[in-house]
Amino acid sequence: MPSIVYLNGEFLPITQAQVPVMDRGFLFGDAVYEVIPFFNGVGFRLEQHLQRLQYSLDAVGITLDLDWKTLFSQLLNVNPGTHQAVYLQVSRGVMPKRSLRYDEDIVPTVFAYSYPIQLALGGDLAQVAGVTAVTVNDQRWGRCDIKATGLLANVLAIREAHQRGVQEALLVRQGYLTEGASCNLFVVEQGRVYTPLMDSHTLAGTTRSLLLELIRDAGIECIEQPIAVERLQQADEIWISSSTRGVLPVVQVNGEAVATGTPGPLWLNVATLFQQFEQQMLTEHETSR
Ligand code: PDD
């Protein structure tokens, strides 16, 4: 059965969903997006995702008034999977002519689809193998705080990582770490957690903000500051975070093991807190039914 997607007010099979070639998302990457996990139908950090979506829409000047929560629950209901992620994309819309200028009355194209996912960190944390990575020059534009679809630099970073035989690319701009190709970054040194400051070179991750809360509530020091790339060599632990992956340990960077080359104790501690948060989210949902 082909999955059912949402396109401009309609629910239809993915095989029938089509966007005109003159859509500005296709021609210019003139579009923003979100990826939102739903566990048992409950949106993970849903309010934060919706706030960031509005931030991206405002930043590029796309005006829309849609009931996102209703749209998401309708989409989840017509597709299989206890846990699903929703990909939502809003482009500026279609114009008759290819031109950087656009008409103010242009109608945005809204597309959403969902696909089954696993609970992030749902299994035995002792079985998590860890991620291998390389550092890659951050070639993205100057507004990475907007979750925009123009991801060519991210695609090339992951391509380079795969060509070098690893899974993840850690991005470096002028000697400082920004984030991963589709995730945020944490570095542990002597029991303290460090993470790059959020600015126009980084995306304010919804998982990152949850982790900051969990880490600080646990009485562990977490410092937001610029992180020079050399610090990776001495790091006790390195983690990445995103909505679909939760928080994962990086065990090798540029061919060198991170400390012992296995997931570190502070990661295990924080990943356990993360798991508990997820479980609590599911339990609260069950009891409120
Ligand atoms: N990516 N940084 C970048 C560049 C990202 O693309 C993402 C998310 C994050 C983490 O944000 P969050 O914790 O809110 O998922 C950081 C999504 C998952 C994606 O593009 O698939």
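The shell around the ligand is made of five nonpolar, nine polar and four charged residues. The structure you are looking at is a predicted model, and the ligand in it sits in the largest pocket. Here is a short tour of the ligand's surroundings and then of the pocket.

**Who surrounds the ligand**
- In all, 18 residues surround the ligand, and the closest are Arg52, Glu179, Thr206, Thr207 and Ser243.

**Polar contacts to the ligand**
- Ser243, one of the closest residues, has a polar side-chain atom 2.6 Å from an oxygen atom of the ligand.
- Thr206 is also among the closest residues, and a polar atom of its side chain lies 2.7 Å from a ligand oxygen.
- For Tyr33, the distance between an N or O atom of the side chain and an oxygen atom of the ligand is 2.9 Å.
- On its own the ligand has 470 Å² of accessible area, and the protein covers 89% of that.

- The largest pocket holds about 580 Å³ of space.
- Its lining consists of 31 residues, and those closest to the pocket centre are Tyr33, Lys147, Ala181, Ser182 and Leu203.
- Two or more lining residues come from each of S3, H2, helix H4 (152-163), strand S9 (176-180), H5 and S13.
- The element that gives the most to this lining is H4, with four residues.
- Sorted by class, the pocket lining has 13 nonpolar, 13 polar and five charged residues.

Conventions:
Residues numbered from 1 in each chain as written. Predicted model: local features only at pLDDT ≥ 70, side-chain atom pairs only at ≥ 80, totals over all residues. Heavy atoms only, no water. Near = heavy atom within 4 Å. Polar contact = N/O pair within 3.5 Å; in protein donor to acceptor, adjacent residues only side chain to side chain. Areas by Shrake-Rupley, 256 points an atom, 1.4 Å probe, with all protein chains shown as cover. 1 Å grid on protein atoms, 1.4 Å probe; cavity = no way out; pocket = protein on both sides within 12 Å on 5 of 7 lines; lining within 4 Å. Sits in = over half its atoms within 2 Å of the grid points. Nonpolar A, V, L, I, M, F, W, Y, C, P; charged D, E, K, R; others polar. Points joined across faces, edges and corners; volume = space filled by probe spheres on them.
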